[in-house]
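Subject: Structure for you to look over

Hello,

Here is the structure I promised to pass on. Please open it alongside this message; my notes follow below.

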Amino acid sequence: MNMYPPTLKRAGCTQSWRILLAIILTGSCLWPSPAAAQISMADENQAARSAIQSEDYQRAEQLYRKLLERDPDSPELLNNLGIALHFQGKTVEAIHVFRQALRLKEMPGALALLSLDYCKAQEYEKAQSALERTKRYYQ
């Protein structure tokens with residue numbers, strides 16, 4: 001019985017095919033384990049936080065967007081992306097991201113920055129509404 005596909009045998013790829021088959025059959029780690037993915041995500045999250053703290057908002061934006069690809073419903077990641085956008089002056093994007101985060105979880109800091117971004121966008125009624133919601137946390 002021939003275990004190699006005919007096209008691979010003709011192309012002289014039987015050695016590569018044998019190695020690939022061995023990797024698959026032994027269950028070798030072709031993809032990161034969930035634990036490795038969590039460590040990597042934690043490292044990336046720390047790098048993004050460090051970028052915010054060092055005022056490298058463009059880098060923070062890139063990192064938070066990458067993190068959100070893996071966890072798109074994280075209100076904390078969305079909030080932090082909103083912060084990076086806010087400090088880059090990307091007002092419209094920041095408003096969108098803060099609103100998305102606040103739909104998942106109400107956070108006073110996100111509300112405060114959202115109200116500032118509404119002011120920048122000259123949407124004063126929305127700014128007042130967000131500010132009223134923010135004040136509840138500080139009374």
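The crossing of α4 and α5 is left-handed. On the α4 side, the contact is made by Tyr57, Ala60, Glu61, Tyr64, Arg65, Leu67 and Leu68. On the α5 side, Leu77, Leu78, Asn80, Leu81, Ala84, Leu85 and Phe87 take part. The two axes come within 9 Å and cross at roughly 155°. An angle over 145 degrees counts as roughly antiparallel, and α4 and α5 are therefore roughly antiparallel to each other. Bear in mind that this is a predicted model.

Now the whole chain. The protein chain has eight helices and zero strands. Its pattern along the sequence reads α-α-α-α-α-α-α-α. There are 139 residues, of which 30% count as buried. Take the contacts between residues at least 6 apart in sequence: 37% of them join residues at least 24 apart.

Next, the core. The largest nonpolar core has 28 residues. Those with the most contacts inside it are Tyr64, Leu67, Leu77, Leu81, Phe98, Leu114 and Tyr118. Six helices each supply at least two residues of this core: α3 (34–53), α4 (57–70), α5 (75–87), α6 (91–104), α7 (108–120) and α8 (124–135). In soluble globular proteins, nonpolar side chains tend to be buried together.

Leu67 deserves a click. Leaving aside residues up to four places away in sequence, Leu67 touches Met41, Glu44, Asn45, Ala48 and Leu77.

What of α5 and α7? Their axes come within 11 Å and cross at roughly 35°. This crossing, too, is left-handed. From α5, Asn79, Ile83 and His86 meet Ala110, Leu113, Leu116, Asp117 and Lys120 of α7.

On to α6. For its 14 residues, 1.5 Å a residue predicts a span of 20 Å, and the end C-alpha atoms are 20 Å apart, which agrees. Buried in α6 are Thr91, Ala94, Ile95, Val97, Phe98, Ala101 and Leu102. The cover over these buried residues includes α5, α7 and α8. An α-helix has 3.6 residues a turn, so residues three or four places apart point the same way.

Then α7. This helix has 13 residues and reaches 19 Å from its first C-alpha to its last, close to the 18 Å expected at 1.5 Å a residue. Its buried residues are Ala110, Leu111, Leu113, Leu114, Ser115, Asp117 and Tyr118. They pack against α5, α6 and α8. Just after α7, Gln122 takes a positive phi of about 60°.

Is Asp56 buried, partly exposed or exposed? With a relative accessible area of 36%, Asp56 is partly exposed. The C-alpha atoms of Asp56 and Phe87 are separated by 9.6 Å, although the two residues are 31 apart along the chain.

Over to you.

Best wishes

How values were computed: Residues are numbered from 1 along each chain as its sequence is written. This is a predicted model: local features need pLDDT of at least 70, side-chain atom pairs count only at pLDDT 80 or more; totals for chains, interfaces and linings use all residues. Side-chain values use heavy atoms; hydrogens and water are left out. A nonpolar core is a set of buried Ala, Val, Leu, Ile, Met, Phe, Trp, Tyr and Cys residues joined through side-chain atoms within 4.5 Å. Buried means under 20% relative accessible area, exposed over 50%, partly exposed in between (1.4 Å probe, protein chains only). Helices (H or I, at least four residues) and strands (E, at least two) are DSSP runs, numbered from the N terminus. Contact means heavy atoms within 4.5 Å. The expected span of a helix is 1.5 Å times one less than its number of residues. Axes are lines fitted to C-alpha atoms, for helices over the stretch in contact, and angles run from 0 to 180 degrees between N-to-C directions. Angles under 35 degrees count as roughly parallel, over 145 as roughly antiparallel, 65 to 115 as roughly perpendicular and the rest as oblique. A crossing is left-handed if the near helix is turned anticlockwise from the far one by less than a right angle, and right-handed if clockwise.
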